[in-house]
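Please look through the sequence and the structure shown below before reading on. The paragraphs that follow lead through them step by step.

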Amino acid sequence: MIKLVGITKKFPGLKKPAVDNLNLEVKEGDVCVLVGPSGCGKTTTMKMINRIHEPTSGSIFINDKDALKMNPIKLRLDIGYVIQEIGLFPHHTIEENVATVPNEKKWPKDKTKQKVDEILTLVGLDPKIYGKRYPSALSGGQRQRVGVARAMVSDPPIMLMDEPFGAVDPITRARLQNEFLRIQERISKTIVFVTHDIDEAIKMGNTIAVMREGKLVQHATPSDLLAAPADEFVASLVGRNRSIKRLHLIRIREILDHLDRPKPATVDMPLNDIRKQLEDSDIRSVMVVDQDNKLKGIIGVNDLKKKAGEVAADYIQELDQSITSDATLNDALSMMLECGEGYVAVINEDDQYQGTITLGDLLNVVKEEG
Amino acid sequence: MLRTFWRWLILPLLLITVGFVITIYTVNNPTDSLVARALTYSNVFEALNQHLMLMLVSMIGAIIIGVAIGIMLSRPKLYYIGRGVENIVNVGQTIPSLAILALFFTILGLGFRVAVFALFLYSILPILRNTFAGITNVQASIIESAKGMGMTPLRILTRIELPLAFPIIVAGIRTAIVINVGAATLATFIGGGGFGDLIVTGLAVRRDMVIFTGASLAALTAIILDYIIGQIEERIVRWT
């Protein structure tokens, strides 16, 4: 648990305080997103928690201990820290970078090695391939993963993340966000997350703290924030299309079970059988999977009419748009728009088919929620 | 493996051989008695010895002091003093080496030690400047993430700042060596000895062979030292 009480930060030479009498509480296991326009003091607030900036007045409690009375070095060793520029050490290998905190804590070598391999695997980087490389040999997205791995390796109860996915392209960002949420579900850290992107805030946060000119404007859950913005400023920040923003809040798997869809066809199924299955519904196409339930492609009704007696495998069209079930409905929507199709196939990590989401499903969700 | 490791020795050994060949040839084939008197084995090796001592003593001192002051000035509390010192150093660098030697001669007198001291002061400048620049140019985000993860200032200096600044510090040392070799030949004017003795003698008696011997040996020394430092750097810096 992190508790900020009456925190104020004045930088020398500036009249206005960067952070002005701020109170904030982050519950254990929650992701609290600080959001606001640049210069609103969100990064400063975050950096006071690990005392990169010392507050001018006020107090900070971490699990009921006064952080301002602790040794800052010891305090920081138990707080994971990710910044936008990542700040990987260019002269250390990926392994050495990730092992930074264990080395500072003087862990035994084999324990460090084991934990480093474990955490690299967790963020999706094979330690055998990437462990001995230098950061210059990695892509932007991979470096971000290393940055996150480095912050998590010693299992700190608290993590501070300053726009950790800011420096990558939108597609990689969405993927990193989803991966991170999946990891967070398992490890439940208490996280303070800074971003200027309200969409990211809605997606990542259990609670959102909107800041403006050093003050906390509203601290609420994402759905409360969307339903009842505290004032004009928050309303303009979340924007007009609030119902579409709700799509950020819902994961695909949450609606997938309620959908009534025809079963996928298998590759060795005769076309006639598939046609019979489709005749009862108004659906114009069907997904095709192989024996292991892996997605192979799609068959349209028009192809089914052509020849009787042949099997599905002959007419499969490959499918570009597939998405994992822990992505949000908004991710699904942007993928549909990108591909110009009204549906996406949902798969799990092993490429196994989970279901299909259509544009109509998304509209239904928006209608129901609104 | 072993063969690739020792390969770097080929060039310096070759250059040393060239030096010996020049020495043996010129000593054994004097054009006249004046040359024969100036170029004896004992004269040449005396000059080599003095030259190396001038350089080594002044360089080692300059590296230790230059790096130490550079580190001190790069600390946040002294940073603004460091910026000022950097400017002074840049101005100091423009003073010709002969003027420096002459200046110290008027203050401290003649001799080997005065020459070493002058060379030492002159060589500090590029080392100090590069150490300061190398450390202060390390990306702020790297320092911040190190600090944020709980590294102490001393650990940040030894594990992050110095290794990252290392190539720039070495570049400063190499600059200093090249300057130093040139300046060391001038040490003869204040009684410091070295290859400058041969060159000045050659000039005095107007014998090109003596000048050539002194000048080429001084140049070879510079090239060899620079090459060795470059090799050390290449072996340590693997991450670029």
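In this predicted model, B:G82, B:E86, B:V89, B:G92 and B:Q93 of helix α5(B) meet B:L125, B:L128, B:R129 and B:F132 of helix α7(B). Sorted by class, this contact of α5(B) with α7(B) holds four nonpolar, three polar and two charged residues. The two helices, α5 with residues 79–93 of chain B and α7 with residues 112–136 of chain B, pack at an angle of about 145 degrees, and their axes are 10 Å apart. The crossing in which α5(B) passes α7(B) is left-handed.

A second pair of helices in chain B can be read in the same way. Helix α6, residues 97–108 of chain B, packs with helix α9, residues 153–186 of chain B, at an angle of about 50 degrees, with the axes of the two 9 Å apart. Because of that angle, α6(B) is oblique to α9(B). The crossing of α6(B) and α9(B) is right-handed, and the contact is made by B:S97, B:L98 and B:L101 on the side of α6(B) and by B:I179, B:G182, B:A183 and B:L186 on the side of α9(B). By class, the contact of α6(B) with α9(B) comprises five nonpolar and two polar residues, with no charged residues.

These pairs belong to a chain with eleven helices and zero strands, so that the eye can step back to chain B as a whole. Its C-alpha trace spans about 75 × 55 × 20 Å along the principal axes. Of the 240 residues in chain B, 36% are buried. Among the contacts in chain B between residues at least 6 apart in sequence, 75% join residues at least 24 apart.

Chain B also meets chain A: 14 residues of chain B are in contact with 16 residues of chain A. On the side of chain B that touches chain A, α8 (140–148) and α9 of chain B each supply at least two residues, and α8(B) gives the most, with six residues. By class, that side of chain B has seven nonpolar, five polar and two charged residues.

Which residues have the most contacts inside the largest nonpolar core? This core has 118 residues, and those with the most contacts inside it are A:V33, A:V98, A:A149, A:V192, A:F193, A:A209 and B:L119. In soluble globular proteins, nonpolar side chains tend to be buried together. Leaving aside residues up to four places away in sequence, A:F193 touches A:V31, A:C32, A:V33, A:M161, A:M204 and A:G205.

Is A:M48 buried or exposed? It has 25 C-beta neighbours inside 10 Å, and therefore A:M48 counts as buried. Not counting residues up to four places away in sequence, A:M48 touches A:I7, A:K9, A:H53, A:P55 and A:I60. The C-alpha atoms of A:M48 and A:R246, which are 198 residues apart along the chain, are separated by 32 Å.

A:D257 is found in the loop between α13 (252–256) and β11 (265–266) of chain A. This residue, A:D257, is exposed, because 8 other C-beta atoms lie within 10 Å. Between the C-alpha atoms of A:D257 and A:Y81, 176 residues apart along the chain, the separation is 37 Å.

Two further loop residues of chain A are marked by their backbone angles. A:N63, placed in the loop between β4 (57–62) and β5 (65–66) of chain A, has a phi near 50 degrees, a positive value in a residue other than glycine. Since 13 C-beta neighbours lie inside 10 Å, A:N63 counts as partly exposed. A:E213, in the loop between β9 (207–212) and β10 (215–220) of chain A, has a positive phi of about 45 degrees although A:E213 is not a glycine. With 16 C-beta neighbours inside 10 Å, A:E213 counts as partly exposed.

How values were computed:
Residues are numbered from 1 along each chain as its sequence is written. Chains are lettered from A and ligands numbered from 1 in the order in which they are written. This is a predicted model: local features need pLDDT of at least 70, side-chain atom pairs count only at pLDDT 80 or more; totals for chains, interfaces and linings use all residues. Axes are lines fitted to C-alpha atoms, for helices over the stretch in contact, and angles run from 0 to 180 degrees between N-to-C directions. Helices (H or I, at least four residues) and strands (E, at least two) are DSSP runs, numbered from the N terminus. Angles under 35 degrees count as roughly parallel, over 145 as roughly antiparallel, 65 to 115 as roughly perpendicular and the rest as oblique. A crossing is left-handed if the near helix is turned anticlockwise from the far one by less than a right angle, and right-handed if clockwise. Two residues are in contact if their C-beta atoms, placed from the backbone, lie within 7 Å. Ala, Val, Leu, Ile, Met, Phe, Trp, Tyr, Cys and Pro count as nonpolar, Asp, Glu, Lys and Arg as charged, and the others, Gly among them, as polar. A nonpolar core is a set of buried Ala, Val, Leu, Ile, Met, Phe, Trp, Tyr and Cys residues joined through C-beta atoms within 7 Å. A residue is buried if 20 or more other C-beta atoms lie within 10 Å of its own, exposed if 12 or fewer, and partly exposed in between; C-beta atoms are placed from the backbone.
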